Structure formats: C-alpha cells, structure tokens
Amino acid sequence: MHKHKEYVRELRKAFGFQATWFPDSEVRLGDIGVFRDGQFERKASLEEWGIGYQPRVRPGASPLYEHRSEGAVDVSSAVTAAGGAPAVTAGGGIDVRFTRADAVLFRAVDCWSEEIENIAEIEAEMKERHRKKKWPGRHAVVTEVVHAGWTTVLISDSRTDSARLRTTADATALGWDALTARARLEWTGGSGVSTRILSQGELTPLYRARGVLRRPFGGPSVRFMDEPGPGPAEAAQPGDPYVSDVDSETFALDDEHDEAGEVGADRA
C-alpha cells in the first residue's frame with residue numbers, strides 16, 4: 001500500500017477529516033480541485049468562479065489532534081533518572097519506535113478551524129451548474145480547514161524503524177506530554193523513517209471537501225413520515241445530483257473521469 005493511502009485512511013477514520021498530502025501542502029477554504037494519488041490538486045476557487053461564500057471560525061473545534069497507528073507506535077522518554085523515572089530537565093528526549101511499515105504518528109497542536117457558513121447556497125449553486133453541465137466532473141470544494149500552529153508527522157518505512165527526538169521545552173513532564181507547551185522538536189537520531197515533519201508551523205493538515213454525486217439507481221430513498229424533507233411530488237429520484245462530503249479514496253480522478261473529457265466550468 002502506498003504510504004499516503006494508509007496515512008489518509010487512518011486520519012480520516014480517527015478524525016473524520018481528509019488528511020492533507022503531502023502533510024506540509026496548503027489547502028484553503030473555497031479551493032476547487034480534484035483528488036489525484038491522494039493529493040488535492042487545486043484548479044481554481046469559488047471566488048475565481050464567481051461564487052461568493054462566507055467564512056467563519058468553526059465553534060467547538062479541537063485545539064489538539066493526535067493519532068498513533070494502533071499497536072504500532074511506542075513513544076517514551078529518552079532520558080531517565082535513577083530507577084527509570086523520567087528525568088525533569090530543560091530539553092527532554094523522546095524515543096519513537098515503530099513495529100510495522102507505514103505506521104503513523106500524527107500530532108497537531110494550537111489548532112483552529114474555519115468553515116463555509118452559507119454552505120446551503122454553495123451546494124445549490126454546485127448542483128445548478130452540474131445540471132447545466134458547467135461543473136466539471138470529480139471537482140470538489142474545500143468547505144472546512146483545520147489550521148495548526150505546530151504539526152508533527154512521522155511515517156515508518158519498516159517495522160524496525162525508530163526516531164530519537166529532542167524537545168526544546170523546559171519539560172516538567174517528558175515524553176509526548178512535553179509537546180503541549182508549543183515545544184519544538186529536533187531530530188537527533190533514528191533509522192528508516194520515510195516521512196518526517198517536526199513541529200512545522202502554520203500548516204493545514206486536515207480539511208473537508210464536498211463534491212457533486214448522483215443518487216444510486218434502484219428505487220427512491222425511504223423517508224420517515226416525521227422526517228423533514230420534500231413532499232411526494234418533489235422527492236429525490238434515483239440519478240438526481242446531490243452534494244456530499246467526498247474524499248481522495250472514493251472521489252479520485254481516474255481514466256473514466258479524465259479532465260480532458262470533462263466540461264469546463266462557467267467562470268463568467
């Protein structure tokens with residue numbers, strides 16, 4: 001499996017977001033693009049296509065996102081005092097050991113999120129342009145972005161990889177907990193780690209995107225009597241377009257949806 005697929009899949013399962021690949025690539029709210037080989041290739045923006053949107057800071061966003069591949073990443077203090085207890089020093093060491101290939105260690109701190117507030121208007125415009133064949137196939141819109149003050153990503157190349165890191169924090173607690181205080185990380189030794197992002201600032205490591213899909217054929221969807229929605233005459237029909245969250249695995253641009261064969265968007 002390609003490393004980016006495992007990385008993106010694990011973080012999507014952990015957080016419900018699409019992971020930016022490569023981790024230090026930038027995505028912006030309102031970007032329009034396609035997924036190719038796990039990457040979001042920007043083609044334009046809502047603004048460039050004459051579609052207005054209203055950004056807002058997402059309430060209740062998490063200031064910290066942390067993930068380790070289950071059972072495959074061990075983090076411990078590299079410096080210990082007599083008896084094996086963690087040593088309290090200025091500038092602590094951290095050992096990271098992996099037990100399988102493509103294992104992921106991810107940590108983003110000092111995070112805040114922004115999202116499109118008038119999302120219903122954006123979705124209606126996407127569907128209308130799709131109906132008029134003015135929305136290119138497999139093109140998605142970035143509708144939410146997580147901004148991180150500091151991001152750390154390590155991905156192993158084999159099951160015997162390891163890393164020794166040094167934190168610049170005045171650590172009262174060593175190991176991973178020392179990184180909550182905006183500590184910077186420095187590489188001091190290790191082997192085989194294929195992807196290495198250490199305390200890099202101001203990244204956009206996570207985001208959500210929406211695209212135009214078609215309802216599956218095989219009969220109309222069932223709606224409970226007390227569920228709000230269109231009346232019988234306006235009920236959604238199989239094959240009708242709708243807008244939903246999409247990701248790089250299920251909405252990737254492929255030979256069937258090659259850009260050369262897609263209808264260009266109306267940018268007037």
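**Backbone features and nonpolar cores**

Phe22 lies in the loop between strand E1 (18–19) and E2. A cis peptide bond, with omega of about -5°, joins Trp21 to Phe22. The model is predicted, and the points below are grouped by topic.

- Most residues other than glycine have a negative phi, and most peptide bonds are trans.
- Asp102, although not a glycine, has a positive phi of about 65°.
- The loop between strand E7 (93–98) and strand E8 (104–116) contains Asp102.
- Asp102 is buried because its relative accessible area, 13%, is under 20%.
- Glu202 is not a glycine either, yet has a positive phi of about 55°; Glu202 is part of strand E12.
- Glu202 is exposed, its relative accessible area being 65%.

Nonpolar cores
- The largest nonpolar core has 24 residues, and Phe35, Trp135 and Tyr207 have the most contacts inside it.
- Among the elements that each supply at least two residues of this core are helix H2 (119–131), strand E9 (140–155) and strand E12 (195–214).
- E9 provides the largest share of this core, four residues.
- Another core, of 19 residues, lies apart from it and includes Val8, Leu11, Trp21 and Phe106.

- Val212 is located in strand E12 and is buried, with a relative accessible area of 11%.
- Val212 and Trp135 are 77 residues apart in sequence, and their C-alpha atoms are 8.7 Å apart in space.
- Not counting residues up to four places away in sequence, Val212 touches Met126, His130, Trp135, Pro241, Tyr242, Val243 and Phe251.

Terms used
Residues numbered from 1 in each chain as written. Predicted model: local features only at pLDDT ≥ 70, side-chain atom pairs only at ≥ 80, totals over all residues. Heavy atoms only, no water. Core = buried A, V, L, I, M, F, W, Y, C linked by side-chain atoms within 4.5 Å. Buried < 20%, exposed > 50% of the residue type's maximum accessible area, 1.4 Å probe, protein only. Contact = heavy atoms within 4.5 Å.
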